[in-house]
Amino acid sequence: MLGPRPTVAGPAETNHAPLTAPGATRAMEAVLERVLEARLRQARDTDAVFALDMADRLAAYVRRGGKRLRTAFVWCGWRAAGGSGDASAVLRTGAALELLQACALIHDDVMDGSPLRRGAPAMHVDFAHGYRGGRTGGSAESFGTSAAVLAGDLALAWADDLLTETALASPHGPRLFEEWRAMRTEMVAGQYRDLRAQASGSSGTEEALTIAVLKSARYTVARPLALGAALAGADARTLGALRAAGRCAGLAFQLRDDLLGAFGDPALTGKPADEDLRARKLTPLLAVAVRLAETTGDRDAAALLAPDADARTGHTVERMRAALERTGARAEVEARIADLAASGLRHFEATGAAPGVRREFAALVERASGVAPQQTEELV
């Protein structure tokens, strides 16, 4: 037995489906808040110090928000597969995804040594700051890293608990859980491939794309669409179209994120703009630039962007940005984003979703990719 049926539903979860993806996101926020309050009560019953130091800190982290795209894509998948009526399972699934996202971000920042997230200190940095007054052995940095790993684990436990409760209460629970289980494995696989590429100094385009698909494209769009479709009992044709749409739109999202990582404004992204370049993180953007530099004989760009090059100074980072422009990598990735966004829309239309749902999906793809994908005349 996995446990009792969920008890987190409340007044904000009406028996009527939210009419829009933004409406579903707002309703999910109310569900998420009730889930957090319930988890915090449990934490206080368990141990006061743990509750104050870790559970409260994690809840505050989750409440700081983010794009909340995954809930909107769950809603789109549900509606595209014919979902209607009671949307409570959709909202709880979205809340579980937000908790899982907290786990992913906390652990990712630890592995990358990132100091900022969502415009505030990353979790491991926040824990380290709180430790500096301590008198026991060990460094503040070591304590912060260890505590952040535990906080990420706690977020994962909260996410799994909520998804399991939701699956137990749904007639489509087994299918929902299968999608969730596959997604968690893909996330770990993508993160490991990312770490392995860093350690090996890889610069291959195919490997970069594999990492982007596993670590982000499926997790951000494809699996959320499939989770929503599972809750509506989608047929194989609809699910196949949604998977294809999600892979295209999700990869467009990751490519945009790569561009923001190299050229974005930290005041808008909430994280440093030169981290990926300094670390020589293998992204499709960097892999394309290395390929173009080698093809055109641009030795200076190839040396600057090589995995084993030194990028410790801001001047070098600026030269790397110039090389990304000069080789044509930035322009090529921009064009690829536009193609992927348009392909995502075409695949989504193959589900036979109503025009209103297709417009919602198109708006989400634009928000995720930064480009307005071309729509059919029926939807304009």
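I take a residue as buried under 20% relative accessible area, as exposed over 50%, and as partly exposed in between. The model I am reading is predicted.

**Entry 1: Asp235**

I looked up Asp235 and read a relative accessible area of 40%. I found Asp235 in the loop between H8 and helix H9, the latter running over 236–263. I then checked its distance to Ala81: the two C-alpha atoms are 7.8 Å apart, although 154 residues separate Asp235 and Ala81 in sequence.

**Entry 2: the chain as a whole**

I counted the elements next and noted 16 helices and 2 strands in the chain. The chain has 380 residues, and 53% of them are buried. For the accessible surface I wrote down about 16500 Å², with 54% of it belonging to carbon and sulfur atoms. I also looked at contacts between residues at least 6 apart in sequence; 75% of these join residues at least 24 apart.

**Entry 3: H1 and H6**

Two packed helices are described by the angle between their axes and the distance between the axes. I looked up both values for helix H1 (residues 21–46) and helix H6 (residues 140–169): the angle is about 115° and the axes are 12 Å apart. The crossing of H1 past H6 is right-handed.

Which residues of H1 and H6 meet? On the H1 side I listed Val35, Leu36, Arg39 and Leu40, and on the H6 side Trp158, Asp161, Leu162 and Glu165. I sorted the residues of this contact into 5 nonpolar and 3 charged, with no polar ones.

**Entry 4: Phe143**

I stayed with H6, where Phe143 has its place.

**Entry 5: Ile211**

I moved on to helix H8 (residues 205–231), which holds Ile211. Ile211 has 5% relative accessibility, which is under the 20% cut-off, so I count Ile211 as buried. I set aside residues up to four places away in sequence and listed what Ile211 touches: Gly190, Arg193, Asp194, Ala197, Ser216 and Leu282. I also checked Tyr192, which is 19 residues from Ile211 in sequence and 8.8 Å from Ile211 in space, C-alpha to C-alpha.

**Entry 6: Arg68**

Most residues other than glycine have a negative phi. I noted that Arg68, not a glycine, has a positive phi of about 55°. Where does Arg68 lie? I found Arg68 in the loop between helix H2 (48–63) and helix H3 (69–80). With a relative accessible area of 6%, Arg68 is buried.

**Entry 7: cysteines**

A disulfide is a covalent bond between the sulfur atoms of two cysteines. How many disulfides does a search of the whole structure find? I searched and wrote down 0 disulfides. I looked up two cysteines for their accessibility. Cys76 has a relative accessible area of 0% and is buried. Cys103 is buried too, with a relative accessible area of 7%.

Conventions
Residues numbered from 1 in each chain as written. Predicted model: local features only at pLDDT ≥ 70, side-chain atom pairs only at ≥ 80, totals over all residues. Heavy atoms only, no water. Axes fitted to C-alpha atoms, helices over the stretch in contact; angles between N-to-C directions. Helix = DSSP H or I, 4+ residues; strand = E, 2+ residues; numbered from the N terminus. Left-handed = near helix turned anticlockwise from the far one by under 90°. Contact = heavy atoms within 4.5 Å. Nonpolar A, V, L, I, M, F, W, Y, C, P; charged D, E, K, R; others polar. Disulfide = S-S within 2.5 Å. Buried < 20%, exposed > 50% of the residue type's maximum accessible area, 1.4 Å probe, protein only. Areas by Shrake-Rupley, 256 points an atom, 1.4 Å probe, with all protein chains shown as cover.
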